[in-house]
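Hi there,

Here is the structure I promised to pass on to you. Have a look at it first, and then read my notes below.

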Amino acid sequence: MALEGNVRDFGLSEILQLIALQKKTGMLSITGEQTMVIYFREGQIISTRDRRKLAADPFQDYILRYGFISAGEMDRIRQIQAE
């Protein structure tokens with residue numbers, strides 16, 4: 001399934017919910033000031049780093065900056081990643 005359009009028309013949270021509920025596997029590329037890539041396996045986010053480029057992973061900063069998660073939640077995510 002290919003989905004293309006403006007995230008303002010859909011809402012990023014709606015797109016992520018659709019992917020999760022339908023247990024999709026694939027890649028979501030979001031282009032704006034920079035391009036963000038999110039990889040999914042059976043609806044679960046498995047990576048946000050586009051290994052085709054040697055760029056930093058912008059996803060954590062993005063979801064924190066735009067209020068999708070709190071600073072405390074991000075700290076917990078980073079703790080889990082470290083473990």
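This is a predicted model: local features need pLDDT of at least 70, side-chain atom pairs count only at pLDDT 80 or more; totals for chains, interfaces and linings use all residues.

**What I found**

Together with β3 they make an open sheet of 3 strands, in the order β1-β2-β3, with antiparallel pairing. β1 (26-31) and β3 (44-47) are the edge strands, each pairing on one side only. From one strand to the next, the twist averages 40°. As background, the strands of a sheet pair through backbone hydrogen bonds.

What packs on the sheet? Helix α2 (residues 12-21) does. This helix touches β1 and β2, and its direction makes about 175° with that of β1.

Now for the inside. The largest nonpolar core has 13 residues, and Leu 28, Ile 30, Ile 38 and Ile 63 have the most contacts inside it. α2, β1, β2 and α3 (59-65) are the elements that give two or more residues to this core. If you set aside its neighbours within four places in sequence, Ile 30 is in contact with Leu 12, Thr 35, Met 36 and Ile 38.

Stepping back, the protein has 4 helices and 3 strands, and from the N terminus on its elements run α-α-β-β-β-α-α. Of its 83 residues, 24% are buried. The protein exposes about 6,600 Å², with carbon and sulfur atoms supplying 50% of that area.

Enjoy exploring!

Best wishes

Key
Residues are numbered from 1 along each chain as its sequence is written. Side-chain values use heavy atoms; hydrogens and water are left out. Two strands pair if DSSP finds at least two bridges between them. Axes are lines fitted to C-alpha atoms, for helices over the stretch in contact, and angles run from 0 to 180 degrees between N-to-C directions. Contact means heavy atoms within 4.5 Å. A nonpolar core is a set of buried Ala, Val, Leu, Ile, Met, Phe, Trp, Tyr and Cys residues joined through side-chain atoms within 4.5 Å. Buried means under 20% relative accessible area, exposed over 50%, partly exposed in between (1.4 Å probe, protein chains only). Accessible areas come from the Shrake-Rupley method with a 1.4 Å probe; for residues, only the protein chains shown count as cover.
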